[in-house]
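I opened the notebook to record what I looked up in this structure. The entries follow in the order in which I took them.

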Amino acid sequence: MDFNYLSWIIFLPAVGAILIAFLPGLSGRVIKWIAAVFTFVSLALSIYLFTIFDRAAEVIQFEEKLSWIPAINAHYHLGVDGLSLPLVILMALLGFLVVLISWKINLRSREYFAWLLLLETSILGVFCSLDLLLFFLFWEIEVIPMYFLISIWGTGRKEYSAIKYVVYTLFGSAMMLAGILSLYFTTGSLNMVEIAQGGLAMVQSVMPAAAIFLFLLIGFAVKLPVFPLHTWLPDAHTDAPTAVSVVLAGALLKMGGYGMLRICVGIFPAVAREYAFILVILAVVNVLYGAAVTLRQTDLKRLIAYSSISHMGYVLLGIFALGQVSMVGASLQMFSHGIITGLLFAMAGLVMHNAGERDLRKLGGLARQMPIIAVVFSVAGLGALGLPTTSGFAAEFLVFVGSFTSTTVAGIQIYTILGVLGIVITAGYILWMLQRVFYGQVLEQFKKARDADILERVYMFIFVAVIMLVGIYPAILTDIIKMGVMPIVRLLGG
């Protein structure tokens, strides 16, 4: 490949961040335009890759490989397949949209947009890396911008939430590094594809594969997050600025699910089968616990944050049902949840800023003042509860059908049915939230609240278009995702 598409997609935002940080005399408006241009070009390149991606091939495509640290056989190794390409597009899209969402940020805008663009580069790097050391490096870079974005531009207990996020992330990273080092010591390779294809004979003889699997799994479980490693998420979401909440829910959590699919199941298929039963139970706990706690929330952002815990339980269920359909559903759910919850947080931010309130007990009657926000918020909410023609329905339907028909876990039909109950609870809290915020008597203090302006309508309609496109024609993604899942299914013996 003459043109290194993936390197350009990953590092264009970082170049924008460097220009913003170091070019002297830039006005706030110029800073925002630089951020918008660099993220848009990265998005355009990712969409172009999507159009030229070979949908009939199960191999890694657009591969780039250079020797990086010869002494340990580490490479700058990038590539995408059906698992990673949808997530690259998701992050590139969110990276552009959060610049638009942040257009009214004027507090230390130079630093804000520089950190935001660096965050995009780090997440894109995770989804494209095929070398374990490079993967870990991108994984760690993300912690720095996220800490500053929450602690400086957040609200409430922002310093506490930022530190809590860092502590949990570093704990997970320590586990993951232990797993990566153990894998390297026992195989002599850092190449994900090579290790997955070569089997684990050396691992079995030198160190138990289950131990390495669990090290890696804990690292990914913190990020997903899996109960009981989830408690950082509501605080980080609630106190982060709106755009950062969008990235956090939209793409950051997906790093955990992607790592489980690509590394835990892709490299350790036999161990994944052995522990699938426990992880399916944890998935159901995630779904029901997250949904039940969401019902008790009175803070608008905190409610959406806890709903993310519940919905990421579907991802965990789909992955460790270990069936082809369920894993395709889990991958689609990661994309769908990223778009839907990203829109929910964007809409929550608009309600918060335009009405000056996010306590559900103090809100009401906003539909007359904010008709467009009310409609788009409702679309996002209906997508979250899985209404047909939205991406949420397509993803959850595949997860449940795939899990119910899986033969890997004994009694999985019961756990799938319990997981379906999460949709019923989701309908309850989503409809209650919409009713509480937008309907009922118009409160005096909100009579001057304004609706979305032109820029806000642009980004919210982009979100809605993607939700409806994937919901009406899910094959646009599932055909690609299936090509990424098939090699893992074969390793599982399916």
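In which loop does L322 lie? I found L322 in the loop between α15 (300–320) and α16 (324–355). I took helices (H or I, at least four residues) and strands (E, at least two) as DSSP runs, numbered from the N terminus.

Before going on I noted the ground rules. This is a predicted model, in which local features need pLDDT of at least 70 and side-chain atom pairs count only at pLDDT 80 or more, while totals for chains, interfaces and linings use all residues. Residues are numbered from 1 along each chain as its sequence is written, and side-chain values use heavy atoms, with hydrogens and water left out.

**Entry: backbone angles**

I read a phi near 60° for L322, a positive value in a residue other than glycine. L322 counts as buried, at 7% relative accessibility. For these labels, buried means under 20% relative accessible area, exposed over 50%, and partly exposed in between (1.4 Å probe, protein chains only).

N73 also came up, with a positive phi near 60° and a residue type other than glycine. I located N73 in the loop between β1 (61–69) and β2 (74–80). With a relative accessible area of 36%, N73 is partly exposed.

**Entry: the hairpin**

How do β1 and β2 run? They run antiparallel, and six bridges join them. Two strands pair if DSSP finds at least two bridges between them. I noted K65, whose bridge partner in β2 is H77. The hairpin has four residues between the strands, and N73 takes its positive phi there.

**Entry: cis peptide bonds**

I logged a cis peptide bond between L224 and P225, with omega about -5°. Another joins F227 and P228, with omega about 5°. P225 is placed in the loop between α10 (209–223) and α11 (232–239), and P228 is found in the loop between α10 and α11 as well.

**Entry: α16**

I checked the span of α16. Its 32 residues reach 46 Å from the first C-alpha to the last, close to the 46 Å expected at 1.5 Å a residue. The expected span is 1.5 Å times one less than the number of residues. Of the 32 residues in α16, 29 are buried. Just after α16, G356 takes a positive phi of about 75°.

**Entry: the nonpolar core**

A nonpolar core is a set of buried Ala, Val, Leu, Ile, Met, Phe, Trp, Tyr and Cys residues joined through side-chain atoms within 4.5 Å. The largest one has 189 residues, and M260, F320, L366, F377 and F438 touch the most other members. α16 gives the most to this core, with 17 residues.

**Entry: cavities**

How many cavities of 30 Å³ or more does a search of the whole structure find? The search finds two. On a 1 Å grid over the protein atoms alone, a cavity is a set of points where a 1.4 Å probe fits but cannot get out, and lining residues have an atom within 4 Å of a point. Grid points are joined across faces, edges and corners, and a volume is the space filled by probe spheres set on the points.

I noted a volume of about 80 Å³ for the largest cavity. Among the residues that line the largest cavity are S307, H311, H337, G383 and E396. The elements that give two or more residues to this lining are α15, α16, α17 (371–384) and α18 (391–404). The largest share, six residues, comes from α16.

Key
On a 1 Å grid over the protein atoms alone, a cavity is a set of points where a 1.4 Å probe fits but cannot get out, and a pocket is an open set with protein on both sides within 12 Å along at least five of seven lines; lining residues have an atom within 4 Å of a point.
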